[in-house]
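Subject: Structure handover

Hello,

The structure is below for your records. My notes on it follow.

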Amino acid sequence: MIIVTGGAGFIGRRLVARLLREGYTVRVITPPLRTILGGRSLPATFEGLAGAERLTVVPGALENVEALHRVMLGVHTVFHLASAGWEGRPRDLKTVDLGGMQNIIAAARSARVGRVIVLSHLGASPASGFALLKIKGEIEEAVKTSGLAYTIFRCGVVFGEGDQFVNGIARLLRANPLLYFQPGHGEGLLHPIYIDDLIEALIRSLDHLDTVDALLSVGGPEYVTYNEMVRTIMRVTRARRTIVNIPPYLLRAINRLTHRLFPAFPGSPQWFDILAGNRTAPMGTLYNVFGIHPVRFEDTILTYMPKRRYRAELMRTLLRRRA
């Protein structure tokens, strides 16, 4: 049996669907409000999945180690994906990401779970001056010293239909009909990886003994600067804007003010952490380790971005309250 935390998220729901198709029995830990009382009925996120009879949704928070221990009995692998992610407040990173990981480790050790598989970010380090990368680095250290078998995936920006970063840029382009503000000159290198390629790597890691007690840095088949990514999204979505370079510290301040007015506005402090430097992995990791041929960024977004109504999505985002 496999447990997935954060199973209702962008990566989690795709991983759950794939695990079920592969024949695994899966438990998903979700916040209580996302389930029907008792976890006997599936939330809308999981309705209609092939193999849903092998899926159990367990309502509960990661703060309860005792409850986590009971859920983990008989489990051989935990995928820990729960995260404050792109939209969480910086302080949420400590409670959800780091605190959740520490509780998962404690429960997994007591329940004798065979292995934990964790997602991190390229550039993660406990010594980082950026909150997201510092917390992710502390999570990696906690996992490495836990005594559990583990696999850590350091990922580039994960994109696909439903992601918050790349689609967030497309929504931001609709916030101003003439201009787009970017931090600095947008020269930091990113290493985007398509969601399906990441899911394939996660699935294959289950049977890959070489990935046990390993830290893998993964990305797609190309490096792109943030400026190149924005220009590609402009071209694909036909939202031409003049790009204005603003000092990162000033854009962070503007972002903080904007979020006071519109808490769910696209963009967050975590964006700036990712863009603060080059975030790349060795180019051939997916193929050399898993035999996966990753897909190109522009080829992939062409399949779904032109159909999206990003202006309407932006308006819904602005009206949404932060949970």
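Just after helix α7, Arg 238 takes a positive phi of about 55 degrees, although Arg 238 is not a glycine. Most residues other than glycine have a negative phi. Arg 238 lies in the loop between α7 and β13 (242–246) and is exposed, with a relative accessible area of 77%. Helices (H or I, at least four residues) and strands (E, at least two) are DSSP runs, numbered from the N terminus. Buried means under 20% relative accessible area, exposed over 50%, and partly exposed in between (1.4 Å probe, protein chains only).

This is a predicted model: local features need pLDDT of at least 70, side-chain atom pairs count only at pLDDT 80 or more, and totals for chains, interfaces and linings use all residues. Residues are numbered from 1 along each chain as its sequence is written, and side-chain values use heavy atoms, with hydrogens and water left out.

Asp 213 also has a positive phi of about 55 degrees and is not a glycine. Asp 213 sits in the loop between α6 (195–205) and β11 (214–218) and is partly exposed, at 45% relative accessible area.

Back to α7 itself. The 12 residues of this helix (226–237) should span 16 Å at 1.5 Å a residue, and the end C-alpha atoms are 16 Å apart, which agrees. The expected span is 1.5 Å times one less than the number of residues. Nine of the 12 residues are buried, so α7 is largely enclosed by the rest of the structure. Among the buried ones are Tyr 226, Met 229, Ile 233 and Val 236.

The second largest pocket has a volume of about 390 Å³. The elements giving two or more residues to its lining are β8, α8 (248–261) and α9 (269–274). The lining has 19 residues, of which Leu 172, Phe 181, Leu 251, Asn 255 and Phe 265 lie nearest the centre. A pocket is an open set of points on a 1 Å grid over the protein atoms alone, where a 1.4 Å probe fits, with protein on both sides within 12 Å along at least five of seven lines; lining residues have an atom within 4 Å of a point. The volume is the space filled by probe spheres set on the points.

Phe 181 lies in strand β8 (residues 179–183) and, at 37% relative accessibility, counts as partly exposed. With Leu 178 and Leu 179, Phe 181 forms a nonpolar surface patch of about 270 Å² accessible area together. Patch residues have over 30% relative accessible area and no salt bridge, with nonpolar side chains (Val, Leu, Ile, Met, Phe, Trp, Tyr) joined within 5 Å. A salt bridge is a side-chain nitrogen of Lys or Arg within 4 Å of a carboxyl oxygen of Asp or Glu.

Regards

Technical notes
Patches are made of residues with over 30% relative accessible area and no salt bridge: like charges are joined within 9 Å, nonpolar side chains (Val, Leu, Ile, Met, Phe, Trp, Tyr) within 5 Å. Accessible areas come from the Shrake-Rupley method with a 1.4 Å probe; for residues, only the protein chains shown count as cover.
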